[in-house]
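Me: Could we walk through this structure together, one question at a time? I would like the cut-offs spelled out as we go.

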Amino acid sequence: MSALTFLFVTMNGMPTLADIAKLLDLPLPAADDAAAVPITGVDTLAAATPSQLSFLGSDRLAKDFQTTRAAAVLVAKRVKLPADSAGKLILVVDDADLAVARVLQLFAPPVPRPPGGVDPAARVEAGAVVAPTAAVGFNAFVGARATIGARTVLHPGVYVGADTVVGEDCELFPGVVVRERCTLGNRVVIHAGSIIGSDGFGYRWDGSRHAKIPQIGTVVIEDDVELGSCVCVDRAKFAATRVGRGSKIDNLVQIAHNADLGPHCIMAGQSGVAGSVSLGAGVMLGGQCAVRDHVHMADGSMLGPCSGAMDDVEPRQIVTGLPAIPHRQFLREQAAMRHLPELRAEVRKLQDELCELRKLLPPTS
Amino acid sequence: MSALTFLFVTMNGMPTLADIAKLLDLPLPAADDAAAVPITGVDTLAAATPSQLSFLGSDRLAKDFQTTRAAAVLVAKRVKLPADSAGKLILVVDDADLAVARVLQLFAPPVPRPPGGVDPAARVEAGAVVAPTAAVGFNAFVGARATIGARTVLHPGVYVGADTVVGEDCELFPGVVVRERCTLGNRVVIHAGSIIGSDGFGYRWDGSRHAKIPQIGTVVIEDDVELGSCVCVDRAKFAATRVGRGSKIDNLVQIAHNADLGPHCIMAGQSGVAGSVSLGAGVMLGGQCAVRDHVHMADGSMLGPCSGAMDDVEPRQIVTGLPAIPHRQFLREQAAMRHLPELRAEVRKLQDELCELRKLLPPTS
Amino acid sequence: MSALTFLFVTMNGMPTLADIAKLLDLPLPAADDAAAVPITGVDTLAAATPSQLSFLGSDRLAKDFQTTRAAAVLVAKRVKLPADSAGKLILVVDDADLAVARVLQLFAPPVPRPPGGVDPAARVEAGAVVAPTAAVGFNAFVGARATIGARTVLHPGVYVGADTVVGEDCELFPGVVVRERCTLGNRVVIHAGSIIGSDGFGYRWDGSRHAKIPQIGTVVIEDDVELGSCVCVDRAKFAATRVGRGSKIDNLVQIAHNADLGPHCIMAGQSGVAGSVSLGAGVMLGGQCAVRDHVHMADGSMLGPCSGAMDDVEPRQIVTGLPAIPHRQFLREQAAMRHLPELRAEVRKLQDELCELRKLLPPTS
């Protein structure tokens with residue numbers, strides 16, 4: 001829809017409030033005159049200008065609501081509107097975040113892409129097959145016998161190694177490196193600076209040096225995966241490191257050799273999974289967390305931010321901490337920790353009191 | 001001053017101790033003959049050669065002072081000089097670190113830069129405006145309608161996206177990627193491998209997949225910001241992700257969508273701020289720390305290394321730990337933690353003793 | 001051996017079980033007919049096909065052993081074989097991991113490399129010396145007066161700055177940046193996207209801004225070092241940041257200015273050492289750990305994953321936690337932490353009981 005609606009915007013000017021209500025399948029707001037007001041964008045309640053739309057998803061921001069200059073506000077059903085909201089243009093929605101996500105598509109400018117075909121400054125090596133509808137940008141490199149699928153875009157400076165297969169409708173942003181013999185599915189997006197298929201980190205001390213263990217495997221990135229910037233997905237020792245379909249990976253994430261991510265996993269920024277970690281379906285990893293090598297996190301489990309999973313995690317279990325423990329237990333321990341210094345003092349006092357008490361008792365002869 | 005003083009060095013040979021004393025506005029050291037000794041560089045007390053300068057900023061290194069071979073030593077006023085320092089050439093300064101920083105400028109070799117103008121192997125797209133005094137290096141790419149300000153240097157392989165504005169006197173090192181529609185102020189330095197303007201990490205589970213939330217905003221890097229290598233600053237969901245003027249960011253740092261950093265913030269290596277985090281003026285983040293989404297850290301507050309701020313932080317407050325708590329409290333808890341195993345044993349003992357005591361008492365009938 | 005054995009494979013087809021037994025210096029397995037079976041690769045017990053080899057290194061995977069379809073299994077001596085292992089082809093080895101590492105070399109495909117010489121799309125600046133046997137790939141850049149040693153390979157898009165020396169038999173993967181005046185020894189491997197020689201992170205608040213401290217030093221990477229992807233090794237403030245010979249560094253690692261790593265150190269993924277850290281010989285750092293500035297970790301010491309060393313570490317000492325403490329103490333504290341919430345309750349109960357006891361005693365008049 002994004003491309004179509006943008007076309008709509010550029011051909012017809014800015015969308016009106018009426019357009020937005022229609023997109024969200026809502027009745028027009030009370031003040032009918034306002035329906036024709038063109039909306040130029042979206043911002044927070046505090047920052048929105050009189051030509052922008054804003055949103056209110058929680059009671060916490062009710063104060064900002066009263067002072068916003070926004071042309072109209074998407075308000076979540078569950079929010080209790082302040083008494084003095086009369087006179088403000090309001091669109092009540094089930095879920096403000098979801099509504100904003102949909103409205104943003106109306107304003108999404110197209111991503112600039114190299115034109116279809118192979119740029120004269122690009123290099124395509126012998127035996128590579130580039131679909132006629134693909135775009136290979138300035139200074140991009142396609143290795144021998146590699147395949148670039150239909151409508152796939154390689155932005156400037158992208159490197160695709162020999163024998164690697166990139167599917168259809170993929171987008172590799174500037175500077176992405178995909179080494180040899182890797183496989184990318186369809187609709188895979190990799191943001192600038194990410195590196196796929198470097199050697200896994202494997203050595204053995206042979207008595208005088210760390211001898212390298214060959215990393216002869218490969219990497220498979222399944223359909224609909226999106227990787228952020230400066231993500232590293234290492235080549236397997238043997239077989240393949242795998243990122244399951246529909247998984248979404250944030251910036252600066254480490255995925256080590258032979259890791260196996262199920263479908264629809266989430267890894268937030270600066271998190272990492274060590275070698276041979278396996279994640280089930282829909283596993284979610286918080287920012288800066290880590291999973292120890294060979295650990296299995298079962299379907300639907302979650303690891304909190306800044307946490308480290310050192311042991312297997314049960315389905316749908318939420319674990320937190322270093323080492324990670326069940327989240328409720330973590331909260332109980334943290335609450336107790338806040339009182340630990342006093343607890344020591346209390347124990348000292350008990351010891352003293354007990355000592356005093358004993359003196360009051362008759363000697364046991 | 002750096003360029004001028006370097007010119008001085010290359011035109012006149014190495015600076016003498018007299019030159020250094022003059023730069024630091026100090027009286028010449030006692031041994032006048034030594035004033036003409038050429039100094040070839042700076043190193044630690046242990047490593048300095050007889051033609052190098054060294055420094056002593058704390059009593060801790062007094063032992064190294066006694067054995068140093070350095071031609072002369074910058075000594076901080078507060079340091080108690082060892083008794084046997086006679087015969088050593090000493091320049092007493094208020095602050096040894098600051099003095100070293102100034103002296104280093106005398107020896108700073110110029111950074112090699114591409115010559116002014118556009119390299120024949122670079123690509124400048126239609127409608128881009130490159131200042132005549134700017135340098136666009138080998139294989140650099142300047143997108144359509146982008147602007148490159150006066151005296152700005154794009155090193156080899158830099159990518160500047162369409163409609164992006166790069167101010168004056170900026171320096172983008174090899175391989176830097178700045179995506180479309182971003183804005184860089186003046187005197188912005190970005191080290192090699194950093195990525196500005198990738199999509200923020202935003203999805204919504206729609207029942208069958210993580211649906212992408214459009215990230216239609218942009219990035220604003222204000223004047224005098226310096227970013228290290230492999231830093232990721234993501235494009236905002238709407239409006240702009242902002243790095244305030246004069247802020248300094250170390251390597252491998254994550255700055256997520258809609259984060260807003262005030263002026264003069266510091267983020268040490270491998271730290272990260274999640275979505276919509278706001279930092280006031282002069283906030284300092286230690287290495288590998290993290291700030292949770294939507295958290296506000298007020299002016300002058302600090303987050304310790306390896307810590308995670310999960311809640312708002314007060315002005316000038318110092319917080320540490322996972323989750324971060326006031327630093328003093330953190331230290332008290334850690335001190336208590338060191339005794340926690342014994343504490344359990346002590347409580348067991350108290351329980352036993354109390355049990356024994358009770359037996360000594362007459363039965364309550 | 002890798003190249004030779006690969007040659008063997010490609011010239012003679014897949015290796016047989018007899019070839020593998022010979023490589024490992026083992027007697028042929030019992031079933032002699034099987035010796036001629038060609039083996040196509042290596043995989044886990046669960047995933048191996050009937051033409052692949054697998055391995056069993058610990059009792060934990062005995063269940064998988066019983067159901068594996070592998071053509072043969074390398075079994076570690078120490079593993080108790082399940083009773084029903086008859087009929088399975090087994091090669092008993094001292095160390096299954098080591099045996100696998102050696103066998104993998106039989107299957108390692110050659111890394112695709114640019115041909116020897118300078119690619120017409122590369123740039124070699126004035127005064128640079130490229131050995132005739134070196135390969136400078138597509139779009140690589142070699143700065144003025146730089147040296148590229150014999151048989152060294154610069155993959156596409158590599159940047160080597162002015163006056164930098166790259167030794168013999170090095171391999172720099174796509175997009176690697178080595179800034180000016182750095183020194184790389186022989187047989188150094190740097191994976192894609194790593195950045196060597198950016199300015200160290202040094203500023204001083206001068207009352208109105210963070211003034212930059214010149215970083216005039218350099219970086220020395222000694223012989224046989226391997227760096228992963230997106231690794232940052234910063235230029236020293238003065239003298240050199242050094243990575244000692246034979247050290248192995250994983251992805252997304254930060255090595256700050258003036259850090260000094262001894263020989264044969266290991267840094268796992270996303271770990272970091274701050275400024276002026278010194279590591280002795282064979283120091284091992286776990287994933288996501290950090291070492292505070294100026295800390296010394298002595299020979300053979302280890303820092304656990306997700307830990308932070310804030311103070312010096314003794315030779316061969318193992319430390320863990322935030323802040324890092326001796327590993328045994330860390331385990332004792334963690335065990336106690338699991339009971340901390342109950343401990344509080346127990347202390348409350350003791351207080352109540354003591355109070356009750358006191359009432360039973362005669363008043364002290």
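Reply: Happy to. Helices (H or I, at least four residues) and strands (E, at least two) are DSSP runs, numbered from the N terminus. This is a predicted model, in which local features need pLDDT of at least 70 and side-chain atom pairs count only at pLDDT 80 or more, while totals for chains, interfaces and linings use all residues. Residues are numbered from 1 along each chain as its sequence is written, chains are lettered from A and ligands numbered from 1 in the order in which they are written, and side-chain values use heavy atoms, with hydrogens and water left out.

Me: Where is N258(B) found?
Reply: Contact means heavy atoms within 4.5 Å. Leaving aside neighbours within four places in sequence, N258(B) is in contact with residues including F238(B), T241(B) and V277(B). As for its place in the chain, N258(B) sits in the loop between β26 (254-255) and β27 (260-261) of chain B.

Me: Is N258(B) buried or exposed?
Reply: Buried means under 20% relative accessible area, exposed over 50%, and partly exposed in between (1.4 Å probe, protein chains only). The relative accessible area of N258(B) is 17%, so this residue is buried.

Me: How are the buried residues of α5(A) arranged around the axis?
Reply: Helix α5 of chain A spans residues 327-337, and its buried residues are Q329(A), F330(A), E333(A), Q334(A), A336(A) and M337(A). Seen down the axis of α5(A), they fall within an arc of 160°, where the arc is that of the directions from the helix axis to the C-beta atoms. The buried residues of α5(A) therefore line one face of the helix.

Me: Which elements do the buried residues of α5(A) pack against?
Reply: Within chain A, they pack against β36 (318-320), β37 (325-326) and α6 (340-360). Elements of other chains take part too: α5 (327-337) of chain B, together with α5 (327-337) and α6 (340-360) of chain C.

Me: What area do chain A and chain C bury between them?
Reply: In this pair, 64 residues of chain A are in contact with 66 residues of chain C. Buried area is the accessible area (1.4 Å probe) that two parts lose on being put together, summed over both. Carbon and sulfur atoms account for 68% of the area here, and the total is about 5200 Å².

Me: Which element gives the largest share of the side of chain A that touches chain C?
Reply: A salt bridge is a side-chain nitrogen of Lys or Arg within 4 Å of a carboxyl oxygen of Asp or Glu, and E333(A) forms one with R338(C), their closest N and O atoms being 2.7 Å apart. On the side of chain A that touches chain C, β18 (195-198), β19 (203-205), β20 (210-212), β23 (232-234), α5 and α6 each supply at least two residues. The largest share, nine residues, comes from α6(A).

Me: How many salt bridges are counted between chain B and chain A?
Reply: The contact takes 63 residues from chain B and 65 residues from chain A. One salt bridge joins the side chains of R358(A) and E353(B) (3.6 Å, N to O). The count between chain B and chain A is seven salt bridges.

Me: How far apart in helix α6 of chain B are K349(B) and E353(B)?
Reply: Their side chains meet in a salt bridge (3.9 Å, N to O). K349(B) is exposed, with a relative accessible area of 54%, whereas E353(B) is partly exposed at 23%. Separated by about one helical turn, K349(B) and E353(B) are four residues apart.

Me: How many salt bridges are found over all chains?
Reply: One pair consists of R179(B) and E180(B), whose side chains meet at 2.9 Å, N to O, and both residues are buried. In chain A, R151(A), E168(A) and D169(A) are linked in a network of salt bridges. A search of the whole structure gives 63 salt bridges.
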